[in-house]
Amino acid sequence: YNQNGNSFESSTGAVVNTKLFAPKGRTLKSVSDVHVLTAVDDKGRSVVKAEPDADESASIETYSGGSQDVSSMQIQLRLQLPQPDAQAIDTISAEAVATTAGIWKEMTLTNLQNNVTNELDLTAVLRGAKMVITKLSAKNSQFNLQASLTGPRTVQRLEVRAKMPGNDDFNSSSSERSSKTKGAETTRMIYVNGYGAFDGASQAVVLVVRYPEDLRRERIKLELKGLDLL
């Protein structure tokens, strides 16, 4: 993991914004449990917060989204306000928990249509997972789909994206509006949006559903040096 960042002062302390990168060939899925271990200004004084705020442990989550995998995320390291004569923060060491994925099971759904009663079997990527398309529209160069995903708890790891084969101008994003678990079954409501230069025919858009086979959760250490406060 590589990182680079800058800092700025707030009314309650200093916040250092830094970017965390996933290893080559892997997608960064989430960063959580971010904690500053040590931080020293240019005069050797500690600027670590003695009592972290309630939201001090930052957590950043990503969901099935955009046209590209997430290779980096920005996180915040919160410090106490440096003394007025401090010119820089010499060193910061911190730790966090990063979740990444590298190998995926993938399937493509074509001929999309409102499919309220019929379930689409997603066993090819996750045993017991199903999808029901509850709303679909494609007009004015915009594609909008609403669907429910049901299956085991790991259905939370499924990613759904819209693509238009051969059309590089088509982009998509997706979001989760709700999620609930009852017994052994989890149900997610998702929205998938696409836009770009196309004729508005939903049949030309496909859904790519994928599941990470090698999700890896690791505790990592970060170290930053020579951050100018001016």
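User: Which residue stands opposite Lys105 in β14?

Analyst: Happy to trace that one in this predicted model. Strand β7 covers 104-109, and six bridges join β7 to β14, residues 206-212, with the two strands running antiparallel. Across from Lys105, the residue in β14 is Tyr211.

User: What is the strand order of the open sheet of three strands, and which strands stand at its edges?

Analyst: The pairing in this sheet is antiparallel, and the order reads β7-β14-β11. Two of these strands have a single partner each, so one side of each is left without a neighbour in the sheet. From one strand to the next, the twist averages 25°. The edge strands are β7 (104-109) and β11 (159-163).

User: Is Asp33 buried, partly exposed or exposed?

Analyst: Asp33 lies in strand β3, residues 27-41. Its relative accessibility is 28%, which falls between the 20% limit for buried and the 50% limit for exposed. Asp33 therefore counts as partly exposed.

User: What is the phi of Asp33 near?

Analyst: Most residues other than glycine have a negative phi. Asp33 is a residue other than glycine, yet its phi is positive, near 50°.

Terms used: Residues numbered from 1 in each chain as written. Predicted model: local features only at pLDDT ≥ 70, side-chain atom pairs only at ≥ 80, totals over all residues. Heavy atoms only, no water. Pairing = 2+ DSSP bridges. Helix = DSSP H or I, 4+ residues; strand = E, 2+ residues; numbered from the N terminus. Axes fitted to C-alpha atoms, helices over the stretch in contact; angles between N-to-C directions. Buried < 20%, exposed > 50% of the residue type's maximum accessible area, 1.4 Å probe, protein only.
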